[in-house]
Amino acid sequence: MQTTEVGQNSEIKQVIGSLCMMNNRFMNFMLDDNKKAAQVFLRVILGDDKIKVRNVRIQSFIQNIYGHSSQLDILAQDSKGRYFNVEVQRSDEGAPARRARFYSSILDTHFLQPGKLYEELPDTYVIFITENDVLHDNLALYNIRRRIDENAKCFEDGSHIIYVNSQRRDDTALGKLMQDLYCTEPKNLHYHEFAERMEFLKYSKEGEEKMTDVIEEYAARKAEALAKEAVKEAAKKAEEKEQANRIELAQGLLADGMSIEFTVRHSKLTEAEVRELASKLSA
């Protein structure tokens, strides 16, 4: 029993040790109520060192009574009242343009209170940090805003959509931030605002306890993988047994003098397999 527990603890530590901020749940823990870390993200991505984060929340559920509701990975507000939704997407399918549009619209409907003027609608930023270059132009950053086609001027409605290509990990401030997203060791992080939090989450008992749901998620995935493997193994054994039955039937038919064609038809073996069996019987 003790050996099993030691093995499980070792495996849990390995799982935690392998986590980086490109893991959605781990990113949530890194930024949850961590204004300094969220501030680094926003300052680097937006190129604005004056951003002051007032609050940051993770897994914010926004109810839409008329349609699709949403759960935002990270939602921050700065001292100017602007709202920033940060989403980490490892799957290309998780970051389509219309999802960004929807998130932008749901922020608008949520933060304009009844009786308020449209001019009081806060600026919003929907930021997708993607594992791959989903927009395929090999840019580090894609700032997306509405514009007037006829004169190419920006239509200043206060909404912003930004895609960050995490594959661009160069020596710029943004590139170093992207490097940090894949970093698993606190000592190797470029931005010290992340290091203290990662040290706590990975190397303290309290941090490990805080990440219980990450570990449970890992355990669930592992159990699912084992179940799939068991199903595959069972299917393989069933196929092997069925094949053995087909061979036994074919051998009996051939021994009774049945033709190759008859044996193929009734045993469900291929002609090549039946001819091989026939050659062995006649040897």
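## Basis of the model

This is a predicted model, in which local features need pLDDT of at least 70 and side-chain atom pairs count only at pLDDT 80 or more, while totals for chains, interfaces and linings use all residues. Residues are numbered from 1 along each chain as its sequence is written, and side-chain values use heavy atoms, with hydrogens and water left out.

## Cysteines

Across the whole structure the search finds zero disulfides, a disulfide being a pair of cysteine sulfur atoms within 2.5 Å. C20 is buried, with a relative accessible area of 8%, and C183 is likewise counted as buried at 9% (buried means under 20% relative accessible area, exposed over 50%, partly exposed in between, with a 1.4 Å probe and protein chains only).

## Aromatic pairs

The search finds seven aromatic pairs, where rings of Phe, Tyr and Trp (its six-membered ring) pair if their centres lie within 6.5 Å, and planes under 30 degrees apart count as stacked, over 60 as edge-to-face and the rest as tilted. Among them is the tilted pair of Y103 and F128, with 6.3 Å from centre to centre and 45° between the planes. This pair links distant parts of the chain, since Y103 lies in helix α4 (residues 97-111) and F128, 25 residues apart from it, in strand β4 (residues 124-130); helices (H or I, at least four residues) and strands (E, at least two) are DSSP runs numbered from the N terminus.
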